[in-house]
Amino acid sequence: MRMPPPSCASQWRGPAAGLPKGWAACRAEEPTVGLPKDPVSSARVVQARLQPTDALGFTGRPCPTHSSGLVRALHRHRPALLPRGTTIATPTVLASPQFHREAKNKGAGPRRRARRARWAELRRRPVRHPGTAFALFLPGAGRGAPPGNPCATAAAFPGSPLAGGPGCAERKWAAAERAERCCGWDLAELEGAGERSAGGPRGPGERTAAGPVASAAAPGERGGDGAPGRVGAGASALFAGLQDLGVANGEDLKETLTNCTEPLKAIEQFQTENGVLLPSLQSALPFLDLHGTPRLEFHQSVFDELRDKLLERVSAIASEGKAEERYKKLEDLLEKSFSLVKMPSLQPVVMCVMKHLPKVPEKKLKLVMADKELYRACAVEVKRQIWQDNQALFGDEVSPLLKQYIVEKESALFSTELSVLHNFFSPSPKTRRQGEVVQRLTRMVGRNVKLYDMVLQFLRTLFLRTRNVHYCTLRAELLMSLHDLDVGDICSVDPCHKFTWCLDACIRERFVDSKRARELQGFLDGVKKGQEQVLGDLSMILCDPFAINTLSLSTVRHLQELVGQEVLPRDSPDLLLLLRLLALGQGAWDMIDSQVFKEPKMEVELVTRFLPMLMSFVVDDHTFNVDQKLPAEEKAPVTYPNTLPESFTKFLQEQRMACEVGLYYVLHITKQRNKNALLRLLPGLVETFGDLAFGDIFLHLLTGSLALLADEFALEDFCSSLFDGFLLTASPRKESVQRHVLRLLLHLHHRVAPSKLEALQKALEPTGQSGEAVKELYSQLGEKLEQLDHRKPSPAQAPETPALELPLPAVPAPAVL
C-alpha cells in the first residue's frame, strides 16, 4: 500500500479539493491543535483523533496526515503520555482507500517524490529513544511485524490488558487494523475502551504491577530499544512456586502471546481463567473503572482480604478438634503451600501454618535454615525447632541479648542520679522481669526445656569467664519470668524453682523473715545425695546482687535486734542461716569452677569475734547518741571513739564474708547520717578482700547515701577523710572509682569548699589513657564549675559595692484634731 508524504496538505483545501467535509475539517484543525499537558486528557485526545467521532465532524476514516500529526504530538508529549522508553512508530494502516485513489491520479513532482521517500523510510524504521526499556509499535509499523498480531512485537501501554486491566491502546490499534479490512467502526467498543483507560491517572506501581506481563519481553530479554528488561527482573521471585501448583504466571502469558494468532482474545481468556471467578464481577468492574479505581487496587484489596481470611482459618484449624486431626490438616496444607514460601504475598500464610505445627518436617526446616531471608521471616515457634538442634545458631541469637543486658546493668550503676530511694536496687523483681532482654529470652525459650538448658549453660560459661555477677541476676530473672507465665514444662523440671520463688519474695520485701528463712533452709537441707550439682545453680541464684543485698541488709538488721535482746550471734538460728546463704552465694564462682559441689565452711571467728565487734560498734553509737540527748548539767565530757580495732581491719582484708557484712554496716550508718561512725570506719576500707570496697555496686550505694550528708561536705576534715583518705587512693588504678567520684562531685560540687574543689578537679583530671566516659563526666563537671563561678561575685569587687541606703520619704504630720 503506497502512502503520500505528510506534507501534502497544500493540495487539500476543503471540499473544493474533492475531499469530504469531515476530511477538510480534520486537516484544517491539525496544525493548530496540540495535546493537553494532563496525561489523562492527552490520552483522550489521542484516542479521539485516531477514531471517527462526531466531535471531529466526520464519519469516514481519519486521514494519514492527521495521524502523522498525532505521532509528532506523541513525540512532543511522550513524558506525559507514555512510560519511559516508549518507542513510537508511524501508522501505516490508517490510510483511506479513497485517498490512495485520488493521490494516484495526481502527478508527482520531485519535491513530492522526495517527501514520499522520507515517509516510506519513516514507516520502515520506527523512531527510537535510547536508554529505555519499553516499546510501543503501531500495527504494521517496522519490518517483520505480522499483519494480524499487534502484540507480537508490542509491549504494554499503561492501562492495557497486559498491564493488569483492559486499556485503550491495544484495542485502539486492533480496531484500526480491523478498519483496514472493513469500513465499519464499533464506536461503542472504542468509547468503552477509552473510558476504561482514562479512569484516572495511574501511578508507577500500576504500570508495572503485573511483573513480567507488563512488557512482552521475558526476564533477561531486551525490550524494543535493546536495553535489558527491568520490569521482569524480579518476576521469578515474585511469582515463585506458582508453576508447581499449576497456576499461570507471567511466563505462561508470554508463551501464549508468542504463539497465538489472536492476542486480544488470548489476553481476555487469560483474564477470565485467572481472575476472580464471580459472575457478577464482570458487570461491576467497569463501574469501578468509571470511578477511577484501578484494577490493580481492586484485585490487591481482594487478595489481601482473602489472605487475612485464610490466616484466620489456619489459626482456627490449629485450635479446633483433636490434636491428631488438626495437625494432619496443617501438615497437608503445608505440603501443598510450601512451594510458595518465597512468594512475598503468600509467605505469611505458609509461615502461619509452620507456626502452628508442633513438629515441622525436618526437610523443610533445613530449607528454611539454609535461606537467610526465610529464616528471618519465620516465627519464633519455628526457630525454636531449628535452635534445639543447632546450638551454635541459637548462641548467635542469644549473644547480642546477653551483651545488651550487661550494658544496661552497668549503665544503671553509673547513672548520674544520686538518691537513696532511687538506686540500682530500687526496682521490684517483677518490674525488672519486664525488661526487653528478659522478655525476648522468655519468648525465645517458650516451653522448650532444651533451649532453657542451653541458656543456662551460656550463663554459667559467661559467669566463669568474666566473674560478672549480673549473669546470675539474669539466671534468676529468666526462671521467674517463666514462672509468671506459668510455664510448667520448665518450672516443674528446674530443681531451683521453688527456692528461687521464695527468695524472690524476700527480695521484693528486702528482708528475710523467720518463716521464709525456714523455707529456704528446708530447700538447702533437702538436696539429696547424688544431686549435689543442684547446689551449683542454687549458689548462682544466691550470687545475684539483689539476693546478696537482701541477705546483707537482713544480717545487719538482725545484729541490731540482737543488741536490744542482749543475745550473742551464735545463739541466733536465723542469723546463722543468713550467713549460710550468704556464704553459699559468695562462693558460687569457686564452686562452679572447681565442680566441687559442697557448701563452704563458715569461719568460726566470723561468728565469735567479728560479728560481736560490729555489735560493739552499734553499742558505741547508741551510747554516744544517748549522752548527746542528756541535759547540759548531766552531760559528761564524752568523745566519740575514733580508733578502729586492728582485728576489724584484718577481718575485712582476709575474709570475704566479714568484708561483705562490714561494708553493708558502713552503708547502714551512712544512711543514718552518722558522720562520726563513718569517719571512724573509712580508714579500714582502704584495703579489703578483693577490693570489694571499690566495687561498682558498693560505690554506687555509698555515693547515693553520701547525698544525705551534703552539709558535711563544706567541712575540710570530712572531705579530706572521704576523698584523700579513701576514694582517691584507688582512683589512679581503677577508672570506675574515678567515675563514681565524678558522679558525686557533679551532684554536690556546690557544697564543697572552693579550695578543696579546685584540688579535687586537678586530681581527677583525665589522662590520655582515660576512657570516654571519664572524659565526658569531667567535662560536665568543668561546665558546672564555670556556671558556679559566674554566679559568685568577684572578691575584689565585693568591698567596692556601696551599701544601699535609701532616704526615708518625708511624711507630713497628721493634723491635730
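This is a predicted model: local features need pLDDT of at least 70, side-chain atom pairs count only at pLDDT 80 or more; totals for chains, interfaces and linings use all residues.
Visitor: What pLDDT does the protein average, and what share of the residues score at least 70?

Guide: The pLDDT is the predictor's confidence in each residue, from 0 to 100. Here the protein averages a pLDDT of 75, with 67% of the residues scoring at least 70. Over residues 1-35 the pLDDT is below 50, and this stretch has 72 contacts in the model beyond near neighbours in sequence. Residues 122-234 also have a pLDDT below 50, and that stretch has 226 contacts in the model beyond near neighbours in sequence.

Visitor: Which helix gives the largest share of the lining of the second largest pocket?

Guide: The largest share, five residues, comes from α34. Several helices each supply at least two residues of this lining, including α20 (391-413), α23 (449-466), α29 (545-565) and α34 (656-671). Also on that list are α30 (573-586), α31 (588-594) and α36 (696-706).

Visitor: Turning to charged side chains, how many salt bridges does the structure hold?

Guide: The structure holds 29 salt bridges, and a careful reading takes each pair with its distance and its surroundings. In one of them the side chains of R516 and E509 meet, at 3.1 Å from N to O. R516 counts as buried because its relative accessibility is 19%, under the cut-off of 20%, whereas E509, at 42%, counts as partly exposed.

Visitor: Which parts of the chain does the pair of R680 and D620 tie together?

Guide: The side chains of R680 and D620 meet in a salt bridge, at 3.3 Å from N to O. R680 lies in helix α35 (residues 675-681) and D620 in helix α32 (residues 604-629), so the pair ties together parts that are 60 residues apart in sequence. R680 counts as buried at 8% relative accessibility, while D620 counts as partly exposed at 25%.

Visitor: Where do the partners R733 and D691 lie?

Guide: R733 forms a salt bridge with D691, and the closest N and O atoms are 3.3 Å apart. R733 lies in the loop between α37 (716-730) and α38 (735-748), and D691 in the loop between α35 and α36, so this pair ties together parts that are 42 residues apart in sequence. Salt bridges can also be linked in a network, as they are for R460, R475, D494 and D537.

Visitor: With which residues is L708 in contact, leaving aside its neighbours within four places in sequence?

Guide: L708 is in the loop between α36 and α37 and counts as partly exposed, at 30% relative accessibility. Leaving aside neighbours within four places in sequence, L708 is in contact with V420, T670, K671 and R673. For one of these, K671, the C-alpha atom is separated from that of L708 by 7.1 Å, although the two residues are 37 residues apart along the chain.

Visitor: Finally, what is phi of D486, and what is phi of Q595?

Guide: Phi of D486 is near 60°, a positive value in a residue other than glycine. D486 has its place in the loop between α24 (470-484) and α25 (488-491), and it is exposed because its relative accessible area is 59%, over the cut-off of 50%. Phi of Q595 is near 60° as well, a positive value in a residue other than glycine. Q595 is found in the loop between α31 and α32, where it counts as partly exposed at 49% relative accessibility.

Key
Residues are numbered from 1 along each chain as its sequence is written. Side-chain values use heavy atoms; hydrogens and water are left out. Helices (H or I, at least four residues) and strands (E, at least two) are DSSP runs, numbered from the N terminus. Contact means heavy atoms within 4.5 Å. A salt bridge is a side-chain nitrogen of Lys or Arg within 4 Å of a carboxyl oxygen of Asp or Glu. Buried means under 20% relative accessible area, exposed over 50%, partly exposed in between (1.4 Å probe, protein chains only).
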